[in-house]
Amino acid sequence: MTRLVLVGPPGAGKGTQAVALSQRLSIPHISTGDLFRAHVAEQTPLGEEAKRYLDSGELVPDSVTNEMVRERLAESDTKAGFLLDGFPRNTKQAQVLGEMLGESDSRIDAVIQLDVPEDVLVERLLGRGRTDDTEEVIRRRQQVYQSETAPLLDYYSAILVKVDGVGEVDEVSTRIVNALDARS
């Protein structure tokens with residue numbers, strides 16, 4: 001059973017690595033962004049609530065995100081494991097996740113931190129060519145990530161696996177799998 005959390009700053013390649021790892025490890029990739037989009041598209045009560053925040057550019061509150069993740073983790077395809085991408089985003093969410101998993105006597109096996117130097121992140125994000133991706137905005141997002149996520153890395157320090165996130169997709173995926181294998 002493999003229950004993983006993938007963390008890293010904007011531009012570190014979390015989404016790309018999550019898809020690759022999900023396939024390599026035969027476990028579902030659970031992205032909060034995908035959950036938000038699915039709930040909004042299906043017009044679920046949680047989706048309607050999330051949409052109000054998303055439309056105004058606000059962060060979706062933990063209570064809504066936590067409930068979406070709780071519902072998703074209750075689905076049968078997660079029994080053999082899963083890969084969380086974008087959740088938990090802070091220690092409060094990590095505590096809730098621990099409680100959710102504790103209800104079924106399970107826990108997170110490893111937290112994979114994609115480590116990428118800030119200058120590389122900025123270059124990657126500027127390279128996407130999005131109009132809202134100015135260097136100033138990108139560097140601000142990096143600061144927000146550092147302030148919000150640093151406590152999360154401390155929280156998970158006992159199961160944290162830091163991996164160099166610079167390189168080709170397959171190269172980074174192989175580093176992650178090798179690092180996980182080295183732990184077991």
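Predicted model: local features only at pLDDT ≥ 70, side-chain atom pairs only at ≥ 80, totals over all residues.
Which side chain makes a polar contact with the side chain of Arg141?

Entry 1: Residues are numbered from 1 along each chain as its sequence is written, and side-chain values use heavy atoms, with hydrogens and water left out.

I looked up Arg141 and found its side chain in a polar contact with the side chain of Asp133, at 2.9 Å. A polar contact is a pair of N or O atoms within 3.5 Å; within protein, one must be able to donate a hydrogen and the other to accept it, and residues adjacent in sequence count only if both atoms are side-chain atoms. Arg141 belongs to helix H7 (residues 135–155). Helices (H or I, at least four residues) and strands (E, at least two) are DSSP runs, numbered from the N terminus. I recorded Arg141 as partly exposed, at 27% relative accessibility; buried means under 20% relative accessible area, exposed over 50%, and partly exposed in between (1.4 Å probe, protein chains only). Residues up to four places away in sequence aside, Arg141 touches Pro10, Arg128, Asp132 and Asp133, where contact means heavy atoms within 4.5 Å.

**Entry 2: the first annotated set.** I read in the unreviewed UniProt entry a "binding site" annotation that includes Thr32, Val60, Gln93 and Arg141. UniProt positions are given in the numbering used here, feature names are shortened, and annotations may be inferred rather than shown by experiment. The annotated residues are spread over 110 residues of sequence and up to 29.6 Å in space between C-alpha atoms. Among those lining the largest pocket are Thr32, Val60 and Arg141. On a 1 Å grid over the protein atoms alone, a pocket is an open set of points where a 1.4 Å probe fits, with protein on both sides within 12 Å along at least five of seven lines; lining residues have an atom within 4 Å of a point.

I then turned to Val60, in the loop between helix H3 (45–55) and helix H4 (62–73). Val60 is buried, with a relative accessible area of 3%. Beyond its neighbours within four places in sequence, its contacts are Phe36, Ala50, Tyr53, Leu54, Thr65 and Arg89.

**Entry 3: the second annotated set.** I found another "binding site" annotation in the unreviewed UniProt entry, with Ala12, Gly13 and Lys14 among its residues. The lining of the largest pocket includes Ala12, Gly13 and Lys14 from this set.

Are Ala12 and Gly13 buried or partly exposed? Ala12 is buried at 3% relative accessibility, whereas Gly13 is partly exposed at 23%. Ala12 lies in the loop between S1 and helix H1 (14–25), and Gly13 is found in the loop between S1 and H1. Neighbours within four places in sequence aside, Ala12 contacts Leu114, Val116, Leu121, Arg124 and Gly165, and Gly13 contacts Leu114 and Arg124.

**Entry 4: helix H6.** I checked helix H6 (residues 118–127), where Leu121, Val122 and Leu125 are buried. These residues lie on the same side of H6 because they cover an arc of only 95 degrees around the axis, taken from the directions from the helix axis to the C-beta atoms. Helix H7 is part of what covers the buried residues of H6. The face turned away from the buried side carries the exposed residues Asp119, Glu123 and Gly127.
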